[in-house]
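Please keep the sequence and the model in view while reading.

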Amino acid sequence: MKAVRVHEHGGPEVLRYEEVPDPRPAAGTAVVEVKASGVNFIDIYHRTGQYPAASLPYVVGTEAAGIVREVGEGVSAVRPGDRVACFAPVGTYAEAIAVPADRLVPVPPQLDLRVAAALLLQGMTAHYLALSTYPLRAGVRCVVHAAAGGVGLLLCQIARRQGAEVIAITSTPEKAELARAAGANQVIGYDGFDLQVRALTAGRGVEVVYDSVGKTTFEASLRCLAPRGMLALYGQASGAVPPLDPQVLARGGSLYLTRPVLGHYVLDRAELLARADDLFRWILEGSLSVRIGLELPLAEAREAHRRLGGRDTTGKVLLIP
Ligand code: NDP
């Protein structure tokens, strides 16, 4: 079968669309025929070597939806023919993948598999950030960085459905428009965003900042916070944040800093299914929407990475085998 592999770390050009052996269903796993693979920023961190992935060479990708083709010994959670989605196991930029069966989420029959692939990882992330890391509610104000991105558009919508007020940050007028359509109360640019946030909150600051940009925004994000506010630094699209003196948190107003990771908010199958259930239900009832901004054939993974890494995408990017 065809898959996209990385043999050495580097730019988008190291992605190779090539023939690899078909996956086999080991005990406890299911082989899924991939109908759509989600492209996520973490795939770029893995490709560049910024985050450790599997040993080289490895098949890229952390999210997919498709149809179960075969199951291994001891698997009862799914059967051949089931429509499923998954995230986390590396290797989804492929025509088929073998996945531990307990990581598979059943996709409701009414839901398009492409929508499931577009929603699961980024939706789960927005869900845990808004409901668990800092449980949003009416009266709380939050800042959402990269608000027109995959996680960003979903986070704006979920924050609003929790009753919070959203100040979104984006880099272009087109992205600002999308953030507004996703429910953001205010949309601002990155230049002097801490001063803009202070001005919008009568000098007080916000209760929580969701920062996925990292290096270029981190310090100003801290300056956006009200006393005892929380910075949830959940990504580093612009690069890694340097080490921090804890006194900075004291001086900022007894601030909280957390560096959350999706895996720690999906600790068991019950938590996985509960979050997925909320997301699928909201999509099906029309109270949450997922924007698929770009769909490319699997063979064009390099272009997908160029555009995502170059800030040239909005919403979700999918690769179709
Ligand atoms: P996005 O669709 O949000 O794409 C990244 C966006 O980041 C860009 O569109 C751009 O938006 C913004 N950005 C700002 N500076 C840069 C830069 N120097 N280079 C590239 N992009 C930049 O990607 P995802 O939705 O896939 O992921 C968003 C973030 O969430 C990532 O940092 C990712 O690692 C993180 N994440 C974390 C998880 C966790 O559990 N911790 C789970 C899932 C994702 P703009 O032009 O508006 O600035």
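## Aromatic pairs

Three aromatic pairs occur in this predicted model. In one of them, Tyr 45 and Tyr 51 have ring centres 4.4 Å apart and planes at 40°, so the pair is tilted. Tyr 45 and Tyr 51 are each buried. Together with Phe 41, these two tyrosines make up one aromatic cluster.

Another pair joins Tyr 128 and Tyr 265: the ring centres are 4.2 Å apart and the planes stand at 15°, so this pair is stacked. Tyr 128 belongs to helix α2 (residues 113-133), whereas Tyr 265 sits in the loop between β14 (256-258) and α8 (269-285); the pair therefore ties together parts that are 137 residues apart in sequence. Tyr 128 and Tyr 265 are both buried.

## Charges over rings

Two arginines are placed over aromatic faces. Arg 103 lies over the face of Phe 87, at 5.4 Å from the ring centre. Likewise, the face of Tyr 190 has Arg 311 over it, at 5.5 Å from the ring centre.

In soluble globular proteins, nonpolar side chains tend to be buried together. The largest nonpolar core here has 60 residues, and the members that touch the most others are Met 124, Leu 136 and Tyr 210. Helix α2 gives the most to this core, contributing 13 residues. Because domain 1 (2-120 + 266-320) and domain 2 (138-259) both give residues to the core, it lies between them.

Leaving aside residues up to four places away in sequence, Tyr 210 touches a set of residues including Leu 129, Ala 130, Tyr 134 and Leu 136. Also among its contacts are Cys 142, Val 143, Val 144, His 145 and Leu 155, as well as Ala 232 and Tyr 234. Another core, of 19 residues, lies apart from the largest one; among its members are Ala 3, Val 68, Val 78 and Ile 97.

## An antiparallel sheet

Strands of a sheet pair through backbone hydrogen bonds, either parallel or antiparallel. In this model, three strands form an open sheet with antiparallel pairing, in the order β2-β1-β4. The edges are β2 (15-19) and β4 (58-59), each of which pairs on one side only.

Strand β1 (residues 2-6) runs antiparallel to β2 and is joined to it by five bridges. Arg 5 stands opposite Arg 16, a residue of β2.

Methods:
Residues are numbered from 1 along each chain as its sequence is written. This is a predicted model: local features need pLDDT of at least 70, side-chain atom pairs count only at pLDDT 80 or more; totals for chains, interfaces and linings use all residues. Side-chain values use heavy atoms; hydrogens and water are left out. Two strands pair if DSSP finds at least two bridges between them. Helices (H or I, at least four residues) and strands (E, at least two) are DSSP runs, numbered from the N terminus. Rings of Phe, Tyr and Trp (its six-membered ring) pair if their centres lie within 6.5 Å; planes under 30 degrees apart count as stacked, over 60 as edge-to-face and the rest as tilted. Buried means under 20% relative accessible area, exposed over 50%, partly exposed in between (1.4 Å probe, protein chains only). A charge sits over a ring if NZ of Lys or CZ of Arg is within 6 Å of the ring centre and within 35 degrees of the ring normal. A nonpolar core is a set of buried Ala, Val, Leu, Ile, Met, Phe, Trp, Tyr and Cys residues joined through side-chain atoms within 4.5 Å. Domain bounds come from an automatic or database domain assignment. Contact means heavy atoms within 4.5 Å.
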